[in-house]
Amino acid sequence: WFVVSVVDSPLKAKVEALMGLIIVLNTISVGLSTEWQRDWAGWKIVDAGFAAIFTLELGVKWAQVGTRMLFFGDTWISNTLDSVLVTLAWAEFLLYVADSAAEASNSAFVLSTMRAFRLLRIARIFRMAR
């Protein structure tokens, strides 16, 4: 099975490099969406796309190593952070969808705060570079 066979294979380094690139693209996207055409609805689609990619990555990791190693193994801190960030990304998207008909400044603040936490993902790049 592909998911299990990626563990400790030469493909693992390529997948990690690809995910690093996706993290950089996500960071650029967050920056652009903050500074350029903030009200463009397409940013939410872009955010949902990144959330889907990161959800898939987390699911593949989970299938590879199991719950015990994912949350209690050597990399439990980064895996827990990934889980929190994926959850925040989907919560942000769901809040946007639920609030799309109403203009509320409190929800805008909450969404901006959640987006800022997603930038923590860039820390993974530094961890992968070690």
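**Close-up views of a predicted model**

**View 1. Trp36 and its ring partners.** Trp36 is partly exposed, with a relative accessible area of 46%. This is a predicted model. Trp36 pairs with Trp43 in an edge-to-face arrangement. The ring centres lie 6.2 Å apart, with 75° between the planes. Trp43 counts as buried, at 7% relative accessibility. Ring pairs join Trp36 and Trp43 with Trp40 in a cluster.

**View 2. The rings of Trp62 and Phe71.** The structure holds five aromatic pairs. Trp36 with Trp43 is one of them, edge-to-face. Trp62 with Phe71 is an aromatic pair too, with ring centres 5.5 Å apart. Their planes stand at 85°, so this pair is edge-to-face. The cut-off for that class is over 60 degrees. Trp62 is partly exposed, at 38% relative accessible area.

**View 3. Helix 2 from end to end.** Helix 2 covers residues 10-35. At 1.5 Å a residue, its 26 residues should span 38 Å. The end C-alpha atoms are 39 Å apart, which agrees. Which residues of helix 2 are buried? They are Met19, Gly20, Ile22, Ile23, Asn26, Ser29, Val30 and Ser33. After helix 2 comes Gln37, with a positive phi near 50°.

**View 4. A nonpolar patch on the surface.** Seen here are Leu18, Leu21, Val24, Leu25, Ile28, Leu32 and Trp36, which form a nonpolar surface patch. Together they have about 630 Å² of accessible area. Leu18 sits in helix 2. Leu18 is partly exposed, with a relative accessible area of 47%. Patch members need over 30%, so Leu18 passes that cut-off at 47%. Trp36, at 46%, is partly exposed as well.

View 5. Side chains of opposite charge can pair when their charged atoms come close. How many salt bridges does a search of the whole structure find? It finds two. In one, Glu92 meets Lys44, the closest N and O atoms being 3.8 Å apart. This pair links distant parts of the chain, 48 residues apart. Glu92 belongs to helix 4 (residues 76-99) and Lys44 to helix 3 (residues 42-72). Are Glu92 and Lys44 buried or exposed? Both are buried.

**View 6. The salt bridge of Lys61 and Asp82.** Here the side chains of Lys61 and Asp82 form a salt bridge, at 2.9 Å from N to O. Lys61 lies in helix 3 and Asp82 in helix 4, so the pair ties together parts 21 residues apart in sequence. Lys61 is buried, as is Asp82.

How values were computed
Residues numbered from 1 in each chain as written. Predicted model: local features only at pLDDT ≥ 70, side-chain atom pairs only at ≥ 80, totals over all residues. Heavy atoms only, no water. Patch = residues over 30% accessible without salt bridge, like charges linked within 9 Å, V, L, I, M, F, W, Y side chains within 5 Å. Areas by Shrake-Rupley, 256 points an atom, 1.4 Å probe, with all protein chains shown as cover. Salt bridge = Lys/Arg side-chain N within 4 Å of Asp/Glu carboxyl O. Helix = DSSP H or I, 4+ residues; strand = E, 2+ residues; numbered from the N terminus. Buried < 20%, exposed > 50% of the residue type's maximum accessible area, 1.4 Å probe, protein only. Phe/Tyr/Trp six-rings, centres within 6.5 Å; stacked < 30°, edge-to-face > 60°. Expected span 1.5 Å × (residues − 1).
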